[in-house]
Amino acid sequence: MRLSERIRYVGVNDMITELFERQWPLPFGVSYNSYLVVDEKVALIDTADIQFEEEFLSNIKAEIGERKIDYLVVNHMEPDHSALQSAIRREYPSCEIVTNAKAAAMIEGFNGITEGIKVIKEGECLPLGSVNLRFFMVPMVHWPETMVTWCEEEKTLFSGDAFGSFKVVDKSVIDSEPTTFEEYEDEMTRYYASIVGKYGGPVQTALKKLGGLEISRICPTHGPVWENHITEVVGLYDKLSRYEASHGVCLAYGSMYGNTEKAALSLAEALKARGVECGVHDLTKENYSFALRDVFKYDTVILGSPTYNNGIFPPVRQLMQGICDRMVKGRRFMAFGSFSWAAASVNLLNEMAVAAGFEILNEGITFKQGYDPAKFDAESLSSLV
Ligand SMILES: Cc1cc2nc3c(=O)[nH]c(=O)nc-3n(C[C@H](O)[C@H](O)[C@H](O)COP(=O)(O)O)c2cc1C
Ligand SMILES: [Fe+2]
Ligand SMILES: [Fe+2]
């Protein structure tokens, strides 16, 4: 598919994989984007997931026929983009791999390739004929070897996972009707929160480094090619990487026998009645990435957990640990939960929230055994938000 005369999309959609990285659900699938720059020389930028070799190679053939690929540019070595490097080498034996030193070591480690690798440095230029590719290192977005590739003549940034999103690109690869920013915003936020979330600092460094480029097309490795919503997409990344959130609540809970759940739902009702935006997540039914998405989106986190083996109920502990692992900053926090003989979960959650530097809205509500509105005043708790 042509993005311009010289830039072609050769990515694939994945509606088969249920869990990305074997942990993040893909209700709308995911795409593995790869691009060809067709000039006097032909460069392929990144590859695709191992399951899609045949389709990927045939997409390339559809664009360049019997021409050969001169360069394979490797921006990032996570196997969702690097697993087909050996297939490209087999099909195009003279193709030179162009990447940085850290990625080159990983290419050997993952794929056993040591020959025909051109190691480039920050800012170095690869001439293709009428256009040049230039490389900028963006370490820890979200691996250490990560770089982006810039084509000045096309004002195009091949950004790797940065600005990427879950959800296949089945309507239009480019973000023009019916493919809109709004349609991808949630899945882009969930991708960011799950995978990149810990690396807000490096993302900020990368945004500053790339800020001077005049970009009219962003080609990420997942999700749409951004041409019409660059301001929104870059703005979202800037906001997420600064851990900036809008007013609202991520209300997530787990419950074995429904008591903590009843409290959660009554609080959700009370928040709704006040017009507070609130994402409600039952962590026993839903993967925690959806709640993590809302932790990045909203300024207030409220968690409900029964006490379990003198601790936090495991699905809730997983989310709270996920929040701490990602070094989320600047949130307001409250916890609640049922117990039977000795309450522990709320205090433990509060300790984690204090360690994360969160503002504690109140000491938390623990209630013994059955849920009873007299023990859990949802109305007054909602007024704290
Ligand atoms: C395996 C298991 C371990 C538990 N551990 C504790 C505990 O250490 N301390 C406590 O007070 N209650 C403990 N409980 C009791 C629950 O916290 C209590 O039943 C609570 O009401 C459950 O809330 P829920 O209805 O929201 O699931 C445990 C329950 C189970 C099933
Ligand atoms: Fe990645
Ligand atoms: Fe990726």
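Histidine 142 sits in the loop that runs between β12 (132–137) and β13 (147–151); helices (H or I, at least four residues) and strands (E, at least two) are DSSP runs numbered from the N terminus. The model is predicted, with local features needing pLDDT of at least 70 and side-chain atom pairs 80 or more, while totals for chains, interfaces and linings use all residues. Residues count from 1 along each chain as written, chains are lettered from A and ligands numbered from 1 in written order, and side-chain values use heavy atoms, without hydrogens or water.

The peptide bond between valine 141 and histidine 142 is cis, with omega about 10 degrees. Methionine 140 belongs to the loop between β12 and β13, and its phi is positive, near 65 degrees, although the residue is not glycine. Most residues other than glycine have a negative phi, and most peptide bonds are trans. Another cis bond joins glutamate 177 to proline 178, with omega about 5 degrees. Proline 178 is placed in the loop between β14 (156–160) and α5 (181–196).

Now the ligand. Sixteen residues surround ligand 1, the closest being Ser255, Met256, Thr307, Asn310 and Ser338; to count, a residue needs a heavy atom within 4 Å. A backbone N or O atom of asparagine 310 is 2.5 Å from a ligand oxygen, for serine 340 the distance is 3.0 Å, and a polar backbone atom of alanine 342 lies 2.9 Å from one. Of the 640 Å² that ligand 1 exposes when taken alone, the protein buries 84% (Shrake-Rupley method, 1.4 Å probe). Elements giving two or more residues to the shell are α8 (259–273), β19 (307–308) and β21 (332–339).

Strand β21 also holds phenylalanine 333, one partner in a pair that links distant parts of the chain. The structure has 20 aromatic pairs, defined by ring centres within 6.5 Å; planes under 30 degrees apart are stacked, over 60 edge-to-face, the rest tilted. Phenylalanine 333 and phenylalanine 358 have ring centres 6.3 Å apart and planes at 40 degrees, so their pair is tilted. Phenylalanine 358 lies 25 residues away, in the loop between α11 (345–355) and β22 (359–360).

Definitions and conventions: Polar contact = N/O pair within 3.5 Å; in protein donor to acceptor, adjacent residues only side chain to side chain. Phe/Tyr/Trp six-rings, centres within 6.5 Å; stacked < 30°, edge-to-face > 60°.
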